[in-house]
Amino acid sequence: MEHVQINEVSLRDGLQMHQEFIPTEAKLRLLDSLLRAGVRHFEVTSFVSPKAVPQMADAAELCAVLPSVEGAHYSVLVPNLKGLERATGAGCRTVNLVLSATETMNQKNIRMSLGQTRSVCADTIRHAHELGLGADAYIAVAFECPYEGAVDPGHIVDLADEMFEAGAGRVIIADTIGAANPAQVKRLFSMLLPRFDVGRFACHFHDTRALALANVWESLEAGVRRFDSSVGGLGGCPFSPGASGNLATEDLLQFLHSCGFETGVAVDGIVGAIDVASEITGRDLGGRIMPWLRAQRARSESEIHA
Ligand code: COA
Ligand code: ZN
């Protein structure tokens with residue numbers, strides 16, 4: 001069976017919009033439940049300004065106590081050289097840069113122009129390499145920007161080229177506001193893949209308009225084998241209006257497994273992580289398959305008691 005890698009982003013993308021600060025210990029409990037389900041790739045936090053995103057103020061504390069589990073890979077988001085310096089100080093080995101595709105989105109997100117962000121991302125990637133760290137680049141609002149509308153795929157090809165040129169190991173195509181459709185995904189990859197190896201791409205979809213899994217399918221058809229998702233569909237970006245829920249990990253797993261891919265992550269195991277995520281956020285979380293998962297659980301419990 002072909003393997004697809006799941007990169008769990010609930011601890012960063014998932015929690016960054018949550019207003020009340022979640023204690024480091026509670027974040028660790030969520031991480032632990034995901035590890036127990038078999039998840040091995042995570043974006044755990046971001047080294048951004050705590051004034052911009054108070055939820056990530058404990059980035060260094062969290063990184064200091066990440067469990068060392070065989071095969072576990074932890075990455076962190078950094079917006080600039082200061083973030084890289086903080087991440088390195090905290091012992092991180094892989095950083096993720098975020099380059100939004102449009103002028104306004106960069107201004108809103110990190111208060112820099114598109115031009116400045118391009119050079120800051122490239123500099124930070126180069127510097128990460130000098131320090132012996134891995135660096136990946138997200139291209140955010142890669143299909144549509146909440147401020148500027150549709151994004152030209154040719155522009156995404158140029159940005160990907162720049163990030164690979166700077167040394168990014170991977171480029172992650174991010175539909176930050178969940179506006180993409182499969183036809184756009186197909187078109188974008190048809191323009192990217194003649195130039196770059198498909199193994200260097202991953203995708204990050206939000207399910208705002210119920211098209212995340214359709215977009216995953218189109219990316220799979222293009223050959224992409226790594227996807228971001230967030231347990232319970234937790235997430236959104238405070239700087240992009242309309243960026244509701246990430247693609248839920250449980251929906252992605254069920255979809256991939258039913259299509260004959262293996263992920264190393266058990267859907268049943270994820271139920272425990274959804275419970276932890278719900279408990280620590282005080283929200284009733286769960287992706288589209290949650291009612292079905294609950295029914296399955298009730299059925300197996302009644303069988304045990306029968
Ligand atoms: N981590 C912590 N603090 C940082 C930082 C970082 N990576 N980068 C800058 N700062 C600090 C500066 O030291 C300065 O501190 P001071 O006020 O105590 O002097 C303050 O932030 C402002 O610095 P400045 O360079 O003027 O930045 P800014 O106010 O224009 O903000 C960012 C720029 C990038 C730091 C801020 O917008 C940010 O953190 N954005 C992240 C947004 C995010 O997480 N988006 C979602 C993920 S894509
Ligand atoms: Zn996102």
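Modeller: A polar contact is a pair of N or O atoms within 3.5 Å; within protein, one must be able to donate a hydrogen and the other to accept it, and residues adjacent in sequence count only if both atoms are side-chain atoms. This is a predicted model, where local features need pLDDT of at least 70, side-chain atom pairs count only at pLDDT 80 or more, and totals for chains, interfaces and linings use all residues. Residues are numbered from 1 along each chain as its sequence is written, ligands are numbered from 1 in the order in which they are written, and side-chain values use heavy atoms, without hydrogens and water.

Biologist: Which atom of ligand 1 does N109 approach?

Modeller: A nitrogen atom, 2.6 Å from a polar side-chain atom of N109. For K82, a polar side-chain atom is 3.0 Å from an oxygen atom of ligand 1.

Biologist: How do I read the metal site? What are the protein donors of the zinc ion (ligand 2)?

Modeller: Donors are N, O and S atoms within 2.8 Å of the metal (3.2 Å for Na, K and Ca); water is not among the atoms, so sites may look incomplete. Here they are D13 (OD), H204 (NE2) and H206 (NE2), 2.0 to 2.1 Å from the zinc ion. Their spacing along the chain is D-x190-H-x1-H.

Biologist: Is H204 buried or exposed?

Modeller: Buried means under 20% relative accessible area, exposed over 50%, partly exposed in between (1.4 Å probe, protein chains only). H204 counts as buried because its relative accessibility is 4%. H206 is buried too, at 2% relative accessibility.
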